[in-house]
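These are my notebook entries on a structure that I looked through one feature at a time. I began with helix packing and then turned to a pocket and to the backbone.

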Amino acid sequence: MESVPLAEVAQAHGTPCYVYSAAAIRHAYTEFEVAFATLDPLVCYAVKANGNLSLLRLLARLGAGFDIVSGGELSRVLAAGGDPGKVVFSGVGKSAAEMVQALRAGVRCFNVESPAELRRLSRVACELGLQAPVSLRVNPDVDPGTHPYIATGLKDSKFGVAYDDAFALYQEAARLPGLRVVGIDCHIGSQITDLDPFVAALEKILELASKLRRGGIPLSHLDLGGGVGIRYRNETPIALADYARAVAPRLEGSGLGLLLEPGRRIVGNAGLLLTRVEYLKISPEHRFAVVDAAMNDLIRPSLYEAWHEIVPVRERQGAPSVLDVVGPVCETGDILGRGRSLALAEGDLLAILSAGAYGASMGSNYNARPRPAEILVDGQAMQLIRRRETVEDLFRNEWPMP
Ligand code: LLP
């Protein structure tokens with residue numbers, strides 16, 4: 001990782017552990033800034049992809065804004081020194097307490113997802129004597145062509161407001177005393193590798209924005225959400241320059257500022273999960289490498305049948321064999337990689353790639369497994385940015401009943 005041998009990381013911090021590259025994160029963030037430069041976008045990094053405080057601080061120092069979906073994520077952003085004025089608050093189930101927290105912090109915008117939420121937000125803001133800046137998250141009903149669990153812009157998804165209902169709801173928003181309508185938002189899904197759905201969504205959203213302007217509800221920004229995919233295996237990711245070239249002419253003359261909410265594209269390929277082979281379990285019936293990382297550390301392969309490249313830290317001579325890389329968790333589905341061709345011996349280190357996004361952030365303690373350490377590499381320096389949990393951490397909030 002950059003100039004630090006992964007074997008040294010394992011030596012210093014043990015396995016399993018997440019290792020991130022600061023240079024890769026800076027590069028990926030800057031790519032958005034550069035590609036969309038003529039539109040002067042606010043790039044709101046989606047905290048859910050990876051909310052480690054050090055990564056948030058790194059991004060905050062580059063000028064990033066943040067897309068949050070909970071009071072917890074807001075607290076993380078603030079603890080990391082993020083600017084609340086650059087925070088957008090998404091999510092279908094914001095509680096009144098979270099609204100209060102975000103209003104007091106002074107977030108840039110609430111992306112509201114239902115009529116009931118809109119009314120609650122107005123009420124909560126009035127009680128505080130404040131006005132909440134709002135966008136509606138509008139569902140453009142386009143198919144992003146991605147895994148059904150991460151497609152969010154279709155009519156039947158739980159997210160957003162139906163396209164055909166949005167105009168009337170904007171009129172209501174404009175009347176509600178606790179609200180100030182500032183923008184429009186959409187997010188159609190994740191790991192999208194085709195530009196067409198983004199363009200289709202943009203066109204529908206722009207059409208609505210101009211109808212709103214004509215109807216006396218001018219907006220100041222358009223938030224296109226996140227969802228830009230990365231390469232895990234053999235995908236061809238969208239070139240951000242192409243994305244920007246598609247957006248710029250359509251946005252021109254609309255008077256709308258641009259917000260983006262990328263998560264995966266910024267941190268996904270900047271991180272890996274480092275793990276050690278515990279056992280080789282090879283017989284006529286079995287072909288397994290049992291490693292010390294598991295589905296509780298990285299759930300994407302189990303949950304979405306997602307592919308993560310797995311490479312040995314040190315190549316070994318000898319014929320590779322085809323095996324499944326599995327973890328110690330007591331679930332048949334605890335598979336990190338199926339049918340991988342690897343030459344391995346017990347004790348070898350493996351790197352599970354493209355694990356920077358939705359890896360650590362979706363980790364759990366299933367099977368009473370402490371969550372792994374996280375390490376940030378920057379050039380020749382390695383820094384522990386989250387210590388490995390201890391078993392005591394796991395039952396800190398419990399006690400055997402008296
Ligand atoms: N904005 C909103 C409102 C979102 O819901 C999401 C992701 C993003 C932005 C960032 O999307 P990205 O740029 O990272 O694609 N756990 C799944 C992904 C779930 C995505 C949820 N929403 C996975 O591991 O693939």
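Entry 1, helices α7 and α8. I looked up which residues touch where these two helices meet. On the α7 side I noted Tyr163, Ala166, Phe167 and Tyr170, and on the α8 side Lys204, Ile205, Glu207, Leu208, Lys211 and Leu212. Sorted by class, this contact has seven nonpolar residues, three charged and no polar ones. I record here that the model is a predicted one. I then looked up the geometry: α7, which covers residues 163-175, packs against α8 at an angle of about 25°, and the axes are 11 Å apart. Angles under 35 degrees count as roughly parallel, and therefore α7 is described as roughly parallel to α8. The crossing of this pair is right-handed.

I stayed with α8 and asked what its packing with α9 looks like. Helix α8 spans residues 195-214 and helix α9 spans residues 240-251; their angle is about 15° and their axes lie 11 Å apart. This angle makes α8 roughly parallel to α9. I noted a right-handed crossing for α8 and α9. From α8, the contact uses Leu195, Phe198, Val199, Leu202, Glu203 and Leu206, while α9 supplies Asp242, Tyr243, Ala246, Val247, Arg250 and Leu251. I counted the classes as nine nonpolar, three charged and no polar residues.

How are α2 and α3 set relative to each other, and at what angle? I found that α2 (residues 22-35) and α3 (residues 53-61) pack at about 45°, with axes 10 Å apart. That angle makes α2 oblique to α3. Their crossing is right-handed. In this contact, Ala22, Ile25, Arg26 and Tyr29 of α2 meet Leu55, Leu58 and Leu59 of α3. The contact of α2 with α3 divides into six nonpolar residues, one charged and no polar.

I noted the general idea first: a probe the size of a water molecule, rolled over the atoms, shows where empty space is left. The second largest pocket holds about 300 Å³ of space. Its lining consists of 18 residues, and those nearest the centre are Arg76, Ala360, Ser361, Glu374 and Arg386. The elements giving two or more residues to this lining are α4 (71-79) and β18 (381-386). By class, I recorded seven charged, six nonpolar and five polar residues in the lining of this pocket.

I kept a general rule in mind: most peptide bonds are trans, and most residues other than glycine have a negative phi. Which form does the peptide bond from threonine 15 to proline 16 take, cis or trans? I found it to be cis, with omega near -5°. Proline 16 sits in the loop between α1 (6-13) and β1 (17-21). I also looked up glutamate 305, which is not a glycine and yet has a positive phi of about 50°. Glutamate 305 is placed in the loop between α11 (300-304) and β13 (310-312).

Note on methods: Residues numbered from 1 in each chain as written. Predicted model: local features only at pLDDT ≥ 70, side-chain atom pairs only at ≥ 80, totals over all residues. Heavy atoms only, no water. Axes fitted to C-alpha atoms, helices over the stretch in contact; angles between N-to-C directions. Helix = DSSP H or I, 4+ residues; strand = E, 2+ residues; numbered from the N terminus. Parallel < 35°, antiparallel > 145°, perpendicular 65-115°, else oblique. Left-handed = near helix turned anticlockwise from the far one by under 90°. Contact = heavy atoms within 4.5 Å. Nonpolar A, V, L, I, M, F, W, Y, C, P; charged D, E, K, R; others polar. 1 Å grid on protein atoms, 1.4 Å probe; cavity = no way out; pocket = protein on both sides within 12 Å on 5 of 7 lines; lining within 4 Å. Points joined across faces, edges and corners; volume = space filled by probe spheres on them.
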